[in-house]
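Please take a look at the structure below and keep it in view as you read. This briefing goes through it topic by topic.

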Amino acid sequence: MSDPQTAPASRERTGIRLGLWARGPSRWHIALTVVFLALLSVAPLWVEASGRGYLVTVLTRVVIFGLAAMSLDFVMGYGGMVSLGHATFLGAGAYTAGALTYHSLDGSRLLGIPGTDQALVTWPLATVVGALLGLVIGGLSLRTKGVYFIMATLAFNQMIYFLFNALEIYGGDDGVGLFAASRAIGPLDASDDIVFFYVCFAVLVVFTVILNLVVRAPFGRVVRGCRSNMARMAALGYQTYRYRLAAFALSAAITSLAGAMAVTESQFLSPSFAEWTESGELLIMVIVGGLGSLIGGVIGAGALFLLEELSIDITDNWQFFVGIGLLAIVLGAPRGLTGTLLGGRRSHD
């Protein structure tokens, strides 16, 4: 793999610095990220003080699924890889953590390994599983492009979903409850919803920083260059397939981590984590929040869950009103909520 830091100067002259794809997040974009995360950090305290403590779990889901949407935005908004199969990795993470937790409850072993509900074990393991699965699925899917890439990721998603459905030991398509499990995170007892929120929020902050640094790094510049003009990047000597595969695997790993966090939060393991509609929801979050902004995935998750909560309070046919709300956002903010909040300012510098 060519090292962009030691690439010939001719690459700089022939286009590596041309276009927004070669630029990192602007100071306005960074400021928006900081402000939104700051507001999100105090939201649980506010809802608790207002007597709506049940909304803390909703905020936790915003953080978890916002992390997954952010990882999808990384490959889609910056890498141009439109995936309709990211629920594959969400489900893989959920089943890795959930299966270990299940076996810890009944005292059995998983492939000879004793089960555990310790998040410091299940979450990192789920991340590794997601990365490996991303290398396999990405390695095959990236040999296609355009709509064929979308269909390839969707096909893998369906295969993994039906595989989880066939696992009768974990309840098949009905799933299995893990309510007796603890939310142990090292020495920390995160059984309290607010404590668990801040653990998940800390993970979100860490990966927000990591992905923003990756986007600004030479590696991220090459990935964005592939989105803009892959033929040019290949002509400049970059191994475009390897860079895109590495980006896809990184995204898969983060999404799998989000799946492990989600099953720990819900304490229920179900194939629904890997259903293709979950991929669609992540896509909606990215589009509503703003494609190619990273924090837009979290903002989109917040908007979607807020619409759902407001609609559920109004009527049993809440999906209809969620659809209306999403349509209003798309028509009123065609660049996504992030683009609207930034106004005419560039999201890149």
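Where is the place of Gln 267? Gln 267 sits in the loop between helix H9 (240-266) and strand S6 (268-269). This is a predicted model, in which local features need pLDDT of at least 70, side-chain atom pairs count only at pLDDT 80 or more, and totals for chains, interfaces and linings use all residues. Residues are numbered from 1 along each chain as its sequence is written, and side-chain values use heavy atoms, with hydrogens and water left out.

**Terms to know**

- Helices (H or I, at least four residues) and strands (E, at least two) are DSSP runs, numbered from the N terminus.
- Buried means under 20% relative accessible area, exposed means over 50%, and partly exposed is in between (1.4 Å probe, protein chains only).
- A contact, or touch, means heavy atoms within 4.5 Å.

**Positive phi angles**

- Gln 267 has a positive phi of about 55 degrees, although it is not a glycine.
- Gln 267 counts as buried because its relative accessible area is 16%.
- Leu 294 is a residue other than glycine with a positive phi, near 65 degrees.
- Leu 294 belongs to the loop between helix H10 (276-289) and helix H11.
- With a relative accessible area of 0%, Leu 294 is buried.

**Helix H2**

- Helix H2 covers residues 27-49, which is 23 residues.
- From first C-alpha to last, H2 reaches 33 Å, close to the 33 Å expected at 1.5 Å a residue. The expected span is 1.5 Å times one less than the number of residues.
- H2 has a kink of about 35 degrees at Ala 43, shortly before the proline Pro 44. The bend at a residue is the angle between axes fitted to the seven residues ending there and the seven starting there.
- Buried residues of H2 include His 29, Leu 32, Leu 37, Ala 43 and Pro 44.
- Those buried residues pack against H3, helix H7 (193-216), helix H11 (295-314) and helix H13 (336-342).

**Helix H6**

- Helix H6 (residues 147-165) has 19 residues.
- Its reach from first C-alpha to last is 27 Å, close to the 27 Å expected at 1.5 Å a residue.
- Among the buried residues of H6 are Phe 149, Phe 156, Asn 157, Tyr 161 and Phe 164.
- Helix H4 (87-106), helix H5 (119-141), H9 and H10 are included in what covers the buried residues of H6.

**Where H7 meets H8**

- Two packed helices are described by the angle between their axes and the distance between the axes.
- H7 and helix H8 (residues 218-235) pack at about 70 degrees, with their axes 4 Å apart. Axes are lines fitted to C-alpha atoms, for helices over the stretch in contact, and angles run from 0 to 180 degrees between N-to-C directions.
- H7 is therefore roughly perpendicular to H8. Angles of 65 to 115 degrees count as roughly perpendicular, under 35 as roughly parallel, over 145 as roughly antiparallel and the rest as oblique.
- H7 gives Val 214, Val 215 and Arg 216 to the contact, while H8 gives Pro 218, Phe 219, Gly 220, Arg 221 and Arg 224.

- Ala 126 is in helix H5. Ala 126 is buried, at a relative accessible area of 0%.
- Ala 126 and Leu 257 are 131 residues apart in sequence, and their C-alpha atoms are 5.8 Å apart in space.
- Leaving out residues up to four places away in sequence, Ala 126 touches Gly 93, Thr 96, Ser 256 and Ala 260.
- Leu 245 lies in helix H9. Leu 245 is buried, because its relative accessible area is 15%.
- Leu 245 and Gly 134 are 111 residues apart along the chain, with 8.2 Å between their C-alpha atoms.

**Ser 71 and Ala 180: buried or exposed?**

- Ser 71, in helix H3 (residues 55-78), counts as buried at 0% relative accessibility.
- Ala 180 lies in the loop between strand S3 (176-177) and strand S4 (184-185). Ala 180 is exposed, with a relative accessible area of 67%.
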